[in-house]
Amino acid sequence: MNSTGPMSTRDRSWRRRRLDPDHSLGLRLTLAAAAAVLVLVPFALLALLVLGAWPPLLRLDASVTEAFHGYAVHHPLWVRVMTVWTHAFGPGPLRVAAAVTVVWLLRRGAPRLAVWVVTTMLVGGLLGALLKLLVGRDRPDLLEPVARAAGYSFPSGHALNAALAAGVLLLVFLPFARDSRAGRVALWTAATLLTVVTGLSRIALGVHWTSDVIGGWVLGVATVAATAAGFATWRTGTGRRPARPLREGVEPEVTEDRRA
């Protein structure tokens, strides 16, 4: 068909399907569900290996814990730094930061985005607590512990909540840095440091196995990915322009102050 000629029946049909809101919504729902499943697969595999006490995983956990603990015993300053970090960026303070963000979003007239933040933090936190009970893994038992923690070990609550908070804050504030490369780099760097260092602090203090921390990270990323995909689908279903999360956050309109 000539590019300047009349549109073929097949092209018109394809265009109608593309512009049909119901078709677009159904496609996005399918893609969101597939993405959530794919991200959750690594966590499910790791959980099965932990439950099955897979020897190579146990050896890796033990060797990493032994190396970190050996260093910590002879470096009290390192222990103090890791202790301060793990308390400053623990689940409690991060939930407070999320709550402050929710209040700020409500004041800016972005109630749906506020609901997304609450949903992500709540779902992730409940999943982590439930999985700890289901797996029932004991924490490292060291002869000369430099720190102590109560409860079960897998997945790490600190690592999980750090990933949740980092993902939430990143996707909320990215729109404000859409025109600033330095701003985007700063946001991604802060989110990465928050997630990685918080998880490593738990291994450094000997209160979690390496696989606990990795499990927390993966579960946190999976939760953020799933809820962000669901939020994008929600936006599409209500007639909003679908966002590109990694470039514009989950709701670019947050930069507009919509208070009455």
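## Pro 93

Pro 93 is partly exposed, with a relative accessible area of 37% (buried is under 20%, exposed over 50% and partly exposed in between, with a 1.4 Å probe and protein chains only). Pro 93 lies in helix α5, residues 91-107 (helices are DSSP runs of H or I with at least four residues, numbered from the N terminus).

This is a predicted model, in which local features need pLDDT of at least 70 and side-chain atom pairs count only at pLDDT 80 or more. Residues are numbered from 1 along each chain.

Apart from neighbours within four places in sequence, Pro 93 is in contact with His 87 and Ala 88 (contact means heavy atoms within 4.5 Å). Its C-alpha atom is separated by 10.0 Å from that of Asn 161, 68 residues apart along the chain.

## Helices α5 and α6

The axes of α5 and α6 come within 8 Å and cross at roughly 165 degrees (axes are lines fitted to C-alpha atoms over the stretch in contact, and angles run from 0 to 180 degrees between N-to-C directions). The two helices, α5 and α6, are therefore roughly antiparallel (an angle over 145 degrees).

Residues of α5 that meet α6 include Leu 94, Arg 95 and Ala 98. By class, this contact of α5 with α6 has 11 nonpolar, no polar and 1 charged residues (Ala, Val, Leu, Ile, Met, Phe, Trp, Tyr, Cys and Pro count as nonpolar, Asp, Glu, Lys and Arg as charged, and the others, Gly among them, as polar).

## Helices α6 and α7

Helix α6 (residues 111-135) and helix α7 (residues 157-173) have axes that come within 10 Å and cross at roughly 165 degrees. Therefore α6 and α7 are also roughly antiparallel to each other. Among the residues making the contact are Trp 116 of α6 and Asn 161 of α7. By class, the contact of α6 with α7 has 10 nonpolar, 7 polar and 1 charged residues.

Conventions: Heavy atoms only, no water. Parallel < 35°, antiparallel > 145°, perpendicular 65-115°, else oblique.
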